[in-house]
Amino acid sequence: MIYFELFYIFFLIGLFTFGGGYAMIPMIQEQVVGKGWMSEAQLTDFIAISETTPGPFAINVSTFVGSQTGGILGALCATLGVILPSFIIILIVSLIMSKFLNNRFVKGALNGVKPIVLALILSTALLFMVRVLLFGGNSLYSVDVMFDRGALGLLLLLGGLVIIKKKVFKKGLNPIMLLLLSALCGLILFS
Amino acid sequence: MFLVKKGNKFIDILLLFLTFLKVGAFTFGGGYAMIPIIQREVVDKRKWVNNSDILDILAISESTPGPIAVNAATFIGFKVGGFFGSLFATLGLALPSFIIIYIISFFYKTFMEWTLVQAAFKGLSVGVIILLLNAVFKLKSAVKTNWLGVLLFTIALAVMLVLNFLQIKVPMITLILIASGLLVGIVATLLSRKEKTK
């Protein structure tokens, strides 16, 4: 039954993917394209769309693959599959951690990891910036370097607005508003 | 008293669902993009966790299998509302994706070719960059600025940037970096303990 297969495959994908949805791509290729459920080209399209639509990449891709191979029930099975390992493991970790939160070593370990995580976020931001400004949003070096003045202009404009809002109006940044604004600007400026 | 508690719990779970519905609906371009939304909704508005906790949650979410957004939702959900909290937080996170993608799957070829979509997404990408940089700015106050913290930060940043620019693929590099951070933290605690007993 395809539904159980979808659930099982995406359960495995969820279980063996560390550190971000993109790591699951090779496994999906192997399992889904390998089985002939869809073509490589289709999967590439799905990945592209999953990157641009809201929500976690992994969930987008699972829903996509699931719906194409098994309708809405397929989408449900795939998505549930990819979520379940996370859910179970984190519940276990939460239960364990709640007992050890005041342990000196746990605290020390977490203090050591915080700067690392901060660095990971910053590097993601910087690399993403390079991708958008120099490679048109594609992976580094996958295409020729083409400096995107429009994107830089928008970046400076919106960045400036955020800074002004903070310094002059003393108001924090509302991410949802910024996203809507930047999407709107994108529609106006880039189409 | 018991009734009041139960009522609170129900509202908390509902709020978790709605909050993560927002997170799921406005996270574009990858797991980390959820951070600014979570900061705004979970830290600033609901005060369920603070910025320092966010870094811990991210570290755990990165180190455990599965999508980091799901891990984070489950974690925060559990902290606020136990099992049902984590259940509804995760459901809320997944729902917008599920609905939107399911609908798009029927006409995805057309969707891809819509220049409007591409244009909007380019704008969104710029927005996400700003949000991520702002998130780093807000989170750094939650990190101790002793020499060790700065050193770890700089090394991790350098490693990530260099590997990416030179296109060297190290499998599970984020895991390795996180594990290193945990290890250094433990060693530092050990050493400071030794200092105290001298």
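In chain B, B:Gly81 lies in helix α4, which spans residues 68-104, helices being DSSP runs of H or I with at least four residues, numbered from the N terminus. The model is a predicted one, in which local features need pLDDT of at least 70 and side-chain atom pairs count only at pLDDT 80 or more, whereas totals for chains, interfaces and linings use all residues. Residues are numbered from 1 along each chain as its sequence is written, chains are lettered from A in the order in which they are written, and side-chain values use heavy atoms, with hydrogens and water left out.

With a relative accessible area of 4%, B:Gly81 is buried, a term that denotes under 20% relative accessible area with a 1.4 Å probe, protein chains only. Leaving aside residues up to four places away in sequence, B:Gly81 touches B:Lys9, B:Ile13 and B:Leu16, where contact means heavy atoms within 4.5 Å. The C-alpha atoms of B:Gly81 and B:Phe10 are separated by 8.6 Å, although these residues are 71 residues apart along the chain.

In chain A, A:Thr69 belongs to helix α4 and is likewise buried, its relative accessible area being 17%. Apart from residues up to four places away in sequence, A:Thr69 touches A:Ile2, A:Leu6, A:Trp37 and A:Met38.

The contact between the two chains draws 89 residues from chain A and 96 residues from chain B. About 8800 Å² is buried between chain A and chain B, and carbon and sulfur atoms give 79% of this area, which is the accessible area (1.4 Å probe) lost by the two parts on being put together, summed over both. Three salt bridges are found across this interface, each defined by a side-chain nitrogen of Lys or Arg within 4 Å of a carboxyl oxygen of Asp or Glu. A salt bridge joins the side chains of A:Asp45 and B:Lys109, with an N to O distance of 2.9 Å. Of the side of chain A that touches chain B, α5(A) gives the most, with 26 residues.

The largest nonpolar core comprises 111 residues, and those with the most contacts inside it are A:Phe10, A:Ile121 and B:Phe20; such a core is a set of buried Ala, Val, Leu, Ile, Met, Phe, Trp, Tyr and Cys residues joined through side-chain atoms within 4.5 Å. The largest share of this core, 15 residues, comes from α5(A). When residues up to four places away in sequence are not counted, A:Ile121 touches B:Tyr32, B:Ile35, B:Leu58, B:Leu132, B:Val136 and B:Leu139.

Terms used. Helices (H or I, at least four residues) and strands (E, at least two) are DSSP runs, numbered from the N terminus. Buried means under 20% relative accessible area, exposed over 50%, partly exposed in between (1.4 Å probe, protein chains only).
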